[in-house]
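Keep the structure open while reading, and find each residue as it is named.

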Amino acid sequence: MGFGRGKVILLGEHAVVHGFAAIAVGIEQGVRAKAAVARRDLLRLTPWSLALEPDPASEEPLERAFAAALASYPGRPPLEVHAWVDLPAGAGLGCSAAIGVAVLDAIDELLGIERSRAALGAAALAWERVFHGNPSGIDNTMSAVGGVALFRKGVPLEPLHSNKALHLVIGYSGEASSTKDMVDSVTRQLDRDPDRVRKAFEGIESLVLNAKLAIEAGDHVALGQLIDLNHTILSSLMLCTTKLDAMCQIARAAGALGAKMTGAGGGGCMFALAAKLEEAHHIRDVLGTGAFVAEVSR
Ligand code: PMV
């Protein structure tokens with residue numbers, strides 16, 4: 001069975017597109033896929049009841065992405081791939097990358113191709129490009145590799161080690177957003193006002209580098225404060241919504257050490273950092289429908 005996990009960016013989204021560092025975690029919730037030799041190429045997606053044929057010229061990004069994935073297997077037989085998606089789409093949890101990683105992983109398994117998870121993640125960048133135009137590569141990399149890691153474009157992933165697990169609560173605002181539109185909006189701000197936006201990116205990177213130290217030292221109180229500050233900078237780039245802000249405030253009032261939007265913003269998800277698993281369960285219950293707990297170690 002092929003597998004691509006979802007990811008949560010703890011700090012550094014958007015700045016990461018422009019070459020700055022970010023920290024992300026892989027979560028257990030993700031996409032599973034199975035490939036089989038068939039009469040024609042087909043991608044089935046559950047629970048969306050979609051059956052798509054690969055087409056590099058299609059208006060449907062999944063059909064273009066499937067064509068890009070199949071193009072990397074010269075001489076293969078016709079393939080039917082079935083993917084089971086257990087992540088909200090357009091929600092900042094890296095759903096499109098997780099589908100890409102799971103589909104490639106399933107095809108590798110069927111064809112007996114062996115490669116490292118890092119190489120699998122790198123191969124899924126072609127899939128991500130179909131969706132986002134200019135992806136940093138953090139989603140496909142974290143989807144394949146998992147754990148907790150510092151990512152910077154073009155540099156090998158730096159896994160972060162700690163003897164203390166991270167207790168995260170992930171909440172979905174119910175507002176879908178387009179990563180491409182949000183990345184384009186930040187790039188437009190950067191073109192119009194380079195000094196202000198570069199300062200915002202530099203501020204985010206110094207939070208990221210301190211967060212790396214806090215994670216390694218197991219200092220989750222400091223990490224929570226850095227997460228809150230990153231949320232404020234993302235708000236100043238107009239990436240946050242009233243709903244996401246309210247959810248972060250609710251989580252902090254319920255005892256979270258820190259809370260922020262995650263991923264592209266303009267909707268999608270937020271997450272909160274809890275001191276302990278029981279506190280994470282309490283924050284999940286207060287956030288209500290759809291919120292879930294993710295425990296990340298390594
Ligand atoms: O919302 P998501 O899961 O697609 O995350 C996007 C993260 C960005 O930094 C906004 C874009 C990128 O390619 O890194």
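This is a predicted model: local features need pLDDT of at least 70, side-chain atom pairs count only at pLDDT 80 or more; totals for chains, interfaces and linings use all residues.

With Gly92 it is a polar backbone atom that is 3.3 Å from an oxygen atom of the ligand. How much of the ligand's accessible area does the protein cover? On its own the ligand has 390 Å² of accessible area, and the protein covers 96% of it.

## The shell around the ligand

There are 18 residues around the ligand, and those that come nearest are Lys7, His14, Ser136, Thr179 and Ala264. Sorted by class, the shell consists of eight nonpolar, seven polar and three charged residues.

The ligand takes up the space of the largest pocket. Which elements give two or more residues to the shell? They are the strand β1 (2-11) and the helices α5 (138-145) and α6 (179-192).

## The chain as a whole

The chain is built with ten helices and eleven strands. Its C-alpha trace spans about 55 × 45 × 35 Å along the principal axes.

A compact globule of 298 residues would have a radius of gyration near 19 Å. The chain has 19 Å, so its value agrees with that of a compact globule.

Most peptide bonds are trans, and most residues other than glycine have a negative phi.

Pro47 is located in the loop between β3 (42-46) and β4 (50-52). The peptide bond that runs from Thr46 to Pro47 is cis, and its omega is near 15 degrees.

Ser49 is also found in the loop between β3 and β4. Is the phi of Ser49 positive or negative? The phi of Ser49 is positive, near 55 degrees, and this residue is not a glycine.

Definitions and conventions:
Residues are numbered from 1 along each chain as its sequence is written. Side-chain values use heavy atoms; hydrogens and water are left out. A residue is near a molecule or strand if one of its heavy atoms lies within 4 Å of it. A polar contact is a pair of N or O atoms within 3.5 Å; within protein, one must be able to donate a hydrogen and the other to accept it, and residues adjacent in sequence count only if both atoms are side-chain atoms. Accessible areas come from the Shrake-Rupley method with a 1.4 Å probe; for residues, only the protein chains shown count as cover. On a 1 Å grid over the protein atoms alone, a cavity is a set of points where a 1.4 Å probe fits but cannot get out, and a pocket is an open set with protein on both sides within 12 Å along at least five of seven lines; lining residues have an atom within 4 Å of a point. A molecule sits in a cavity or pocket if more than half of its atoms lie within 2 Å of its grid points. Helices (H or I, at least four residues) and strands (E, at least two) are DSSP runs, numbered from the N terminus. Ala, Val, Leu, Ile, Met, Phe, Trp, Tyr, Cys and Pro count as nonpolar, Asp, Glu, Lys and Arg as charged, and the others, Gly among them, as polar. The radius of gyration is taken over C-alpha atoms; the globule rule is 2.2 Å times the number of residues to the power 0.38.
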